[in-house]
Every structure is written in structure tokens, then in C-alpha cells.
Amino acid sequence: MACLTSGIILIFEAMEREIISKVTIEQITITSFFLHRPVKIDFYLPTNVPDPSQLQLLLINDGQDLEKMNFKELLDNFSSTSFSPKPLLCAAIHCGDERKLEYGVANFPDYLGRGSKAHLYTSFIVEELIPYIHLHYCIAGFKEMAFAGFSLGGLSALDIAWQHAHLFKKVGVFSGSLWWRSMDQDDPLFDENTHRIIHHQIKCGVYNPAQQFFFQCGGMDETKDRNNNGIIDSIDDTLDLIKALKGKGYQDADIHYLELPDGKHDVATWGKAMPAFLQWGWGASC
């Protein structure tokens, strides 16, 4: 059992871990009843938590990519340089072999059937992972929880957070697959106003006043421009989603949009955007 108490992390299990100046990494595998597979998770644990009641939790999809972006160094630098940052426990969830089935929008597969297991992944997050974290680290409750992801993992994080606003107050979407659609865009009947699944879901959803959103796009995320307006689809889809959120009642203060002109659809770009995300969500001024 590992507990976070009185600013000290006590780890009693002989699991794979690595200690740096501000963060301890512990890798754990959970066997999921819903997904019928083992799920590997890297926990980035703060080593100094003066007040455990202030601890916050960040879940991250495609957690296997965090090592490539040197996330531990990014997190450590943030903890070292940000004035009184909010204490943050990060759970980096590795994807499985059925990533395109497990990620997506729960109960709304795309036109090719992708995302058909997104509801099971949602159940894993809400009914298995979060309770496990509470139990394993002896944390009765977090001051706040957030969810983030990259590409299709970003779409998944947004969907889960939107559907569980009572749990997740912040959402981070890096190069999100917000194009996810219920009809092939080459179909003559395709209408981006109704067939983009997450846009439609948010337009038909309920305003959750406490939620905040971080979106990142790269000017070189892709080259497709389906409506020939001179703006690549990934940026178009993101800006349209922001419009949908504002249509529900969200204000500029609730939404942060970061566009990197030379940003690509890759881990290196998301690593460049990560410090801005951390500062937005957990910096001293938040």
C-alpha cells in the first residue's frame, strides 16, 4: 500500500519507480473487468504535499507517450519554477491494442464503428481507476480532478469529462480528433453541423458552469481542408467546438486556446504545449 500523508509519500510495494527531485514515478498494472485486459498506468506522484486536502488529480490518455516528451522533467520543472503550484498527482494511462475502439465518444461509434468500446473505457475510468487511486494512495477525495489526452485520446478525455462534469473540472485536448463523425464526409448528405459527433453532443448537452477547457492545435497538424476555407480541419473543428461551448454559456475565461504555427501532430509538439497546459491548470495564478 502506498499513502500520501503529511507531505511524505510512503511506498511499501516493490514496484517499478524512479525518484527525481520533485516527482516519484510508480508504474502499476490494473486488470480491468470492463476492458478484459491489463491496463498499465504510470503515476507521477508529488514528493512534497504540505496539505493533502489540496491535492489534485490529472488523468492522461495515451500515457505511454509521456516518457517520449520527458514529462517527468516538464512536471519537475513546473513544480520547481512555478510559484506555489497546486500539488498534482498525474495518472498516465497507457492505451491498449484496441485504442481506436476504446477511445472515442461513449455510445456513439463513428461511421466505421470505431469507438464501439468507448463506453467500456469510460466505465474503467469512473468505476475502476478512480476508486483504485483513492484506495491505493489512501486519499479520501481530491480537491479537483482533470482529464487530458492527445489526438483520439483528447477526444476521449473531452467526452468522459463532459459526461461526468461532477468529477472533472478541467479538460485538456491536444490536437483532438474532433472531426469524429457519424457519416463519411464524402457522402453527399454529410453536414458538419450535425454529423460531427462531439460537436452535436455538446450542442445537445447541459451547461456545466464549473468546467474549464484547454485546447491546443498545430498549424501543421494536417493538410486537409474539407470546406476549402483556407483553414486546416483540425483547427476548424477545434474553433467550432469552442463556439459550441460558448453557445452553451461558457465564457472566454473558461476556455484557453493555444495554436502553435509550426506545431505538428506528434509527441514533440504536445511536449512543447505541456508547460502552458500545466501553468493554465495548476499554476499559482489559477
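Let's start with Phe-43. This is a predicted model. Beyond its neighbours within four places in sequence, Phe-43 is in contact with Thr-24, Ile-25, Glu-26, Ile-28, Leu-89, Cys-90, Ala-91, Leu-129, Ile-133 and Tyr-137.

Now the core. Phe-43 belongs to the largest nonpolar core, which has 50 residues. Phe-43 is among those with the most contacts inside it, together with Leu-59, Phe-124, Ile-125, Leu-129, Leu-158 and Phe-215. Which helix gives this core its largest share? That is H4, with seven residues.

On to H4, residues 152–163. How many of its 12 residues are buried? The count is 11, so H4 is largely enclosed by the rest of the structure. Among the buried ones are Leu-152, Asp-159 and Trp-162. Leu-158 is buried too, and Leu-158 is one of the core residues with the most contacts. Next, a geometry check. At 1.5 Å a residue, H4 should span 16 Å. Its end C-alpha atoms are 17 Å apart, which agrees.

Last, the strands. S9, residues 168–174, runs parallel to S10, residues 212–220, and five bridges join them. Phe-174 stands opposite Gln-216 of S10. S10 also pairs with S11, residues 255–264, in the parallel sense, over seven bridges. There, Cys-217 has Glu-259 in S11 as its bridge partner. What handedness does the β-α-β unit of S10, H7 and S11 have? The unit is right-handed, and its helix, H7, covers residues 233–248.

Terms used:
Residues are numbered from 1 along each chain as its sequence is written. This is a predicted model: local features need pLDDT of at least 70, side-chain atom pairs count only at pLDDT 80 or more; totals for chains, interfaces and linings use all residues. Side-chain values use heavy atoms; hydrogens and water are left out. Helices (H or I, at least four residues) and strands (E, at least two) are DSSP runs, numbered from the N terminus. The expected span of a helix is 1.5 Å times one less than its number of residues. Buried means under 20% relative accessible area, exposed over 50%, partly exposed in between (1.4 Å probe, protein chains only). Two strands pair if DSSP finds at least two bridges between them. A crossover is right-handed if, with the strands pointing away from the viewer, the path from the first strand over the helix to the second runs clockwise. A nonpolar core is a set of buried Ala, Val, Leu, Ile, Met, Phe, Trp, Tyr and Cys residues joined through side-chain atoms within 4.5 Å. Contact means heavy atoms within 4.5 Å.
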